[in-house]
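Work through the two exercises below with the structure on screen. Try each task before you read its solution.

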Amino acid sequence: MPEGPSVRKFQLLTSPFVGQVVVKVGGSSRKINVNDLNALRLQDSQVHGKNLYLAFVAAEGPLGPTAEETVLQTEAASEASSPAQGGQEQVCAPQIHPQDKELQELQHSRSEVPDTAEGPGNWLRFHFGLFGSIRANEFSRANKANKRGDWKDPIPRLVLHFESGGFLVFYNCRMYWCSSPRTDPASDILSVEFHRGRALDALRAPDPICYTLLDQRYFSGLGNIIKNEILYLAKINPLTQGSLLALSDLEHLLDCAIQFSSDWLHSKLRGKRLHPQIYQKEQCPLGHAVMKGALGPSGGFKRLTWWCPQCQPALLQEQLPLSEGRK
C-alpha cells in the first residue's frame, strides 16, 4: 500500500481543489453513497501517516479557518505566552532540501493538526490499497493486458468534478465518514512534530526490529519498502531484537528512516522513481545474494522482507559491547 511519502503527494494533488464545490460525482464505491458529495464544498485536506482526510461542508456555508490557519494561530499564541524552553529537544524534523519551497510547505502542512483542531463539516477518510492512487485531471489507463488478455482501464472508486472544471480520481481505496481526523503528529515520520524519544523507546523493545518499524503507533507512514531499505542502510538484520542493539545503532536507524522518507518524498515531487537497494532485489549493491522471507509477529500479518546476510549479519549476544550484552 502507498506509504507516507506517496500519501503526502496525494495531498498535494488535492490542495488546489480546496475551497471548490463538487458539481458532479461518480465512482464504483459501495462503502459510501458517492452522491452525498454532490454540491458540497471541499473545505480542507489533511494527511497523517498512510491516511488522507478530506473535509466537506455545505456549499452555502462559511468555509471557516483551514487546518493550516489554525496551526499558525496556535503557534503564534504559544510563542507570545510561553518563555523559551531549554534542555534537549525531543522533536526531530526530517532534513529537507532547502531549495524546494513546496517541500518546506508540506512539512508545515495541514497534516500536523491535532484532533482538537477539527473544523466544521464531515471528514472522509481514505486508506489506500496496494495499487491505490489519486490522479488530478486525468484517468489512469491500462499499461498492460490482464491475465485474460484484456486491456481494461482501472475502475475508479470515486470521481469528484469541481466547479473549476478540474477533477480528482481515487483508485483502490477504502473510504468512510468520520467526525474528525485521528492524528498523532508525534508518530508521523514526515511531521515536524515527530517525537524521536518515543520512537527510540519503541525500538528498544525485545522484539525483532522489523516488527517494531511497522508499528503505526510509533512510525506512522513507515511501510514495508521503507522498512527494508533503512534496515539495509543501517546494516541491521531484520530479526535482531531491538533490545540487543546499542543506542548508537538505534539512533542511526532512526536517522535513516527520517532521511530516506524525506528523500523519497523529494523524488516523488520531482517525478522521479524510487531505485531501491534491497527491496525486491536478488543481489545487494555489493553483489551478495539476498534472502527473502515473510516475517511478522505470531498471529499477525506477515510482510515480505529482503536482507543481505553478509551486509546485515545476525547479531550474536557475544558480539555486543559489555554495557549492552552480558556482564
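**Exercise 1.** Find which residues of helix 6 meet helix 7 in this predicted model, then describe how the two helices cross.

*Solution.* 

Step 1. List the helix 6 side. Ile225, Ile226, Glu229, Ile230, Leu231 and Leu233 make the contact.

Step 2. List the helix 7 side. The partners are His252, Leu253, Cys256, Ala257, Phe260, Ser261 and Trp264.

Step 3. Sort the contact by class.

Step 4. Look at the axes. Helix 6 spans residues 224-233 and helix 7 spans residues 247-269. Their axes come within 9 Å and cross at roughly 130°.

Step 5. The crossing of helix 6 and helix 7 is right-handed.

**Exercise 2.** Describe the largest pocket: what is its volume, and which elements give two or more residues to its lining?

*Solution.* 

Step 1. Start with the volume. The largest pocket has about 2,100 Å³.

Step 2. Find the centre. The lining has 46 residues, and the closest to the centre are Pro2, Leu130, Phe131, Gly132 and Ser133.

Step 3. Name the elements. Helix 1 (4-14), strand 4 (122-136), strand 6 (167-178), helix 6, helix 7 and strand 8 (303-307) each give two or more residues.

Step 4. Pick out the largest share. Strand 4 supplies it, with 7 residues.

Step 5. Sort the lining by class. It divides into 20 nonpolar, 11 polar and 15 charged residues.

Technical notes. Residues numbered from 1 in each chain as written. Predicted model: local features only at pLDDT ≥ 70, side-chain atom pairs only at ≥ 80, totals over all residues. Heavy atoms only, no water. Axes fitted to C-alpha atoms, helices over the stretch in contact; angles between N-to-C directions. Helix = DSSP H or I, 4+ residues; strand = E, 2+ residues; numbered from the N terminus. Left-handed = near helix turned anticlockwise from the far one by under 90°. Contact = heavy atoms within 4.5 Å. 1 Å grid on protein atoms, 1.4 Å probe; cavity = no way out; pocket = protein on both sides within 12 Å on 5 of 7 lines; lining within 4 Å. Points joined across faces, edges and corners; volume = space filled by probe spheres on them. Nonpolar A, V, L, I, M, F, W, Y, C, P; charged D, E, K, R; others polar.
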